[in-house]
Amino acid sequence: MTADELLAGLDAHAARGTEFEALLEAAVEGVHALNPRFHWTGIYELFADNVLRLGPFLGAPTDHCFIGVGSGVCGTAVAERRDLNIPDVRQITNYLACSSETRSELVILIRDGETIYAQIDIDSHEVAAFDDASVADVQRIAHWLARQYAARAASGRAA
């Protein structure tokens, strides 16, 4: 699957009125299928209490269902308000290991301007698994999801 195909599929789901949670699940499934080096893919949603909560994911189960802003790679991305591409998680002092096999991690914020709604988190068992093209593809999906989150918030349905 390509990012263009995934975005077209997500557009089709949205046009059919697919429920928001099902859109998130479809996005996770599609992102996971973008690259064979993506071994764990999930969405963490940011709540008003500054805690990221795990939403839909594919891959091995994780104990990290709640992550405070500033903790680990996911929490650091929110605290620093930027995407993070970590080529080797063994070099990160505050890394929260979801799997002993994980070697690299990519966190792309789902945001609209200054508002951060969530993030796409991807782990790989390979060092430096995320090249510029794969980062750009995931950013495109995150941008699409940000529009969905913003529309949901504007309608008053946000959590």
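This is a predicted model: local features need pLDDT of at least 70, side-chain atom pairs count only at pLDDT 80 or more; totals for chains, interfaces and linings use all residues.
Q: How are helix 1 and helix 2 oriented relative to each other?
A: The axes of helix 1 (residues 3-15) and helix 2 (residues 20-33) come within 10 Å and cross at roughly 165°. Angles over 145 degrees count as roughly antiparallel. The two helices are therefore roughly antiparallel.

Q: What is the handedness of the crossing of helix 1 and helix 2, and how many residues of their contact are nonpolar, polar and charged?
A: Helix 1 passes helix 2 in a right-handed crossing. Helix 1 contributes L6, L10, H13 and A14 to the contact, and helix 2 contributes L23, A26, A27, G30 and V31. By class, these residues are seven nonpolar, two polar and no charged.

Q: Which strands stand at the edges of the open sheet?
A: The open sheet has six strands in the order 3-2-1-6-5-4, with antiparallel pairing. From one strand to the next, the twist averages 25°. A strand at the edge has a single partner, so one of its sides is left without a neighbour in the sheet; this applies to strand 3 (66-68) and strand 4 (84-86).

Q: Which residue of strand 2 is the bridge partner of Y44?
A: Strand 1 (residues 40-46) pairs with strand 2 (residues 51-58) in the antiparallel sense over five bridges. Within strand 2, the bridge partner of Y44 is L54.

Q: At what angle to strand 1 does helix 2 run?
A: Helix 2 lies across strand 1, strand 2 and strand 6 (115-124). Its direction relative to strand 1 is about 145°.

Conventions. Residues are numbered from 1 along each chain as its sequence is written. Side-chain values use heavy atoms; hydrogens and water are left out. Axes are lines fitted to C-alpha atoms, for helices over the stretch in contact, and angles run from 0 to 180 degrees between N-to-C directions. Helices (H or I, at least four residues) and strands (E, at least two) are DSSP runs, numbered from the N terminus. Angles under 35 degrees count as roughly parallel, over 145 as roughly antiparallel, 65 to 115 as roughly perpendicular and the rest as oblique. A crossing is left-handed if the near helix is turned anticlockwise from the far one by less than a right angle, and right-handed if clockwise. Contact means heavy atoms within 4.5 Å. Ala, Val, Leu, Ile, Met, Phe, Trp, Tyr, Cys and Pro count as nonpolar, Asp, Glu, Lys and Arg as charged, and the others, Gly among them, as polar. Two strands pair if DSSP finds at least two bridges between them.
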